[in-house]
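Here are a few friendly notes to read alongside the model. Have the sequence and the 3D view open as you go.

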Amino acid sequence: MSDSTFTRTLGSSGPAGGVRAESTGVTPGVPWQVALDDLTDAERARVLPTVRRRRWTERMPLLYPLAVRFHRVRKRLEWMTSSTPYARSRELDRLPVRVKRHKSFLLRQLGETEMWMQHNKVTNLKLACAQVDGLLIRPGETFSFNKLVGNATRRKGYRKGMRLSNGQARPGIGGGICQLANLLHWMVLHSPMTVTQRSTHSFDPFPDNGRVLPWGVGCSIVYNYVDLQFRNDTDQTFQLRLDVGERYLEGEILSDTQTESSYRVFSQDERFLRVGADYFRRNEIWRTVIDRRTGTPTRDELIRENVALVKYVPTGVEVLDVVPSGA
């Protein structure tokens, strides 16, 4: 996967026969507390008040549109000077081998979100899928969500859906197309293609309500500088097929030949932390690589450690209070 992926060769213990990631500790004798020194580096960087400073755009919201313009101009210049071969060709005839198939519910009640935004999201997804369906990703080519889907504007027919922007969930034109990026990323994790760009939301906005995929595998998309990109480093050609049905957003990755491996993606070591009045959620996303010929797991790969600010009060789960070391 990405350059930061950590790989372990499988042994006799751990997930799917591999070496399990070392579990994070809690304060001895105090099951509902965790010492500051026992946090992971990513957790400390997120929860420490001296490190977790708010961005300028959070402290001064008027700067946000200027920041967006700056990032968009910088990304356009990067595109103009890039030699990356981006995938652009589409073919509606299906390639013969299915690598991964997945579908996700179109309409879900998310917290107090009004359902009209969910229905508008379906329209937005139909427009976005039409730009990607049938795409061929040949050897050496890179998929870019932003390059293919483009800017979701009212002129193109996009409607107001729910957007997660600058720490808030609010209506916005094109809202909801992140669901397509989420589905694509999940399927790519079950393929030999390499994720080269992917951003997650810095906060967890809603409690789990009918969640199917592990928390922390989703994507943030902001045209044009927050992107989902993945590269085909194999000698195979892959194809993306997408459809918006009555109840589901449906997707497939197809290939011209059978892949050597299959994959199992899972989360582990998930926990909620409380620091003062703030809550944080943490987990790890792992992937087991399995030899398709023998069915034998060959290695585990750490895809990402997620730590995010929680925008709701967690209920029905264990919450650990972060306390000073030695307390």
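1. A charge sits over a ring if NZ of Lys or CZ of Arg is within 6 Å of the ring centre and within 35 degrees of the ring normal. In this predicted model, Lys 103 meets that description: it lies over the face of Tyr 248, 4.2 Å from the ring centre. Lys 147 is placed likewise over the face of Tyr 86, at 5.0 Å from the ring centre.

2. Now for rings that meet other rings. A pair of aromatic rings is described by the distance of the centres and the angle of the planes.

3. Trp 79 counts as buried because its relative accessibility is 16%, and buried means under 20%.

4. Next, turn to Phe 143 and Phe 230. Phe 143 is in strand 5 (residues 142-144) and Phe 230 in strand 10, so to speak a link across 87 residues. Both Phe 143 and Phe 230 are buried.

5. Finally, look at the surface. Val 73, Leu 77 and Met 80 form a nonpolar patch there, with about 320 Å² of accessible area together. Val 73 is located in helix 3 (residues 64-81) and, at 45% relative accessibility, counts as partly exposed.

Note on methods
Residues numbered from 1 in each chain as written. Predicted model: local features only at pLDDT ≥ 70, side-chain atom pairs only at ≥ 80, totals over all residues. Heavy atoms only, no water. Patch = residues over 30% accessible without salt bridge, like charges linked within 9 Å, V, L, I, M, F, W, Y side chains within 5 Å. Areas by Shrake-Rupley, 256 points an atom, 1.4 Å probe, with all protein chains shown as cover. Salt bridge = Lys/Arg side-chain N within 4 Å of Asp/Glu carboxyl O. Helix = DSSP H or I, 4+ residues; strand = E, 2+ residues; numbered from the N terminus. Buried < 20%, exposed > 50% of the residue type's maximum accessible area, 1.4 Å probe, protein only.
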